[in-house]
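Q: I am new to this structure and would be grateful for a close look at one part of it. Please set out the answer as one connected account.

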Amino acid sequence: SAKVHAALAITYKIDSIDKVRMHKDPCASICAALMGDIQDLFSENLQTVTSAADFRSIQTKVAHKMSGSKSFPNLIGTGESIGFSIDSIQVLEVTPGRRMQKQLTTEHEREMRMNTQVANKESEIKFQELELEERRKKMENEVELTRKEAKMQAELAEELHMQKMAALNQEQEMAKMRKQERLDSLKASDELVLNFLGNLKELGVDMSTYLCTEAGNKAAKKIIYRAPSLATSSDPTTTTTFTDVEEKKEWNLNMKLL
């Protein structure tokens, strides 16, 4: 069976030197009495040790049984018979025997292996969790990046569209301005002609007759040719064109006023 070693501190004094001298080997008698008490205390085998907790339980049990002088009646009686007085008996430590120590070592090594395996498994699980977390974050970053790229593309497309619309509006405004400038120029030219002819009419000149005469035709020819809206293709150096229907209508209206 498994054994334990107990270290005891025994305090004693010699009451009778004559009794001590009467015994050939008083120390042997003391040790024999002590072993008898221990055998009586631990007549039953100690429990099987399979863990450090089991050994701690044995330590507590042994220390409890060996505490106090009442646990050693043989030791106290033998001491008195040979002239010794036992004052105190104290348990210093309880250590495992060779077999029990081997069991404890084997159990400790097995526990260490299990702890190592558990730690490795926990580390592996933790690593897998970190790897999954990293993958998840990477996927989230990729999704976020894709979203940002799509947003940037949409904003860029919107910006290009706005620029194109602004350029188109500007071009339309410029065309409108050029058209207006052309109309204003034509109106100014028409005003010159109309004022000239109107003045002639106020002077009592027969306009039909005047314009048909060589002198009237020659006098009005240059002014009429300076007005593109009134010019005709009869002049080899001048050609009148109309950019739209409104210009043509306005020219016809001016001619009616004549």
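A: The model is a predicted one. In it, helix 5 is followed by Gly204, a residue with a positive phi, near 90 degrees. Helix 5 itself covers residues 98-202, which makes 105 residues. Several residues of helix 5 are buried, among them Met100, Leu104 and Glu107. The buried residues of helix 5 also include Leu183, Leu186, Ser189, Asp190, Val193, Leu194, Leu197 and Leu200.

The surroundings may be considered next. Strand 2, formed by residues 84-96, contains Ser85. The relative accessibility of Ser85 is 17%, and since buried means under 20%, Ser85 counts as buried. Apart from neighbours within four places in sequence, Ser85 is in contact with Thr11, Tyr12, Lys13 and Asp15.

Another pairing involves helix 2 (residues 26-41) and helix 4 (residues 73-81), whose axes come within 7 Å and cross at roughly 160 degrees. An angle over 145 degrees counts as roughly antiparallel, and helix 2 and helix 4 are therefore roughly antiparallel to each other. Their crossing is right-handed. On the side of helix 2, the contact is made by Ser29, Ile30, Ala33, Leu34, Gly36, Asp37 and Asp40, and on the side of helix 4 by Pro73, Asn74, Leu75, Thr78 and Gly79. By class, this contact comprises five nonpolar, five polar and two charged residues.

Technical notes: Residues are numbered from 1 along each chain as its sequence is written. This is a predicted model: local features need pLDDT of at least 70, side-chain atom pairs count only at pLDDT 80 or more; totals for chains, interfaces and linings use all residues. Side-chain values use heavy atoms; hydrogens and water are left out. Axes are lines fitted to C-alpha atoms, for helices over the stretch in contact, and angles run from 0 to 180 degrees between N-to-C directions. Helices (H or I, at least four residues) and strands (E, at least two) are DSSP runs, numbered from the N terminus. Angles under 35 degrees count as roughly parallel, over 145 as roughly antiparallel, 65 to 115 as roughly perpendicular and the rest as oblique. A crossing is left-handed if the near helix is turned anticlockwise from the far one by less than a right angle, and right-handed if clockwise. Contact means heavy atoms within 4.5 Å. Ala, Val, Leu, Ile, Met, Phe, Trp, Tyr, Cys and Pro count as nonpolar, Asp, Glu, Lys and Arg as charged, and the others, Gly among them, as polar. The expected span of a helix is 1.5 Å times one less than its number of residues. Buried means under 20% relative accessible area, exposed over 50%, partly exposed in between (1.4 Å probe, protein chains only).
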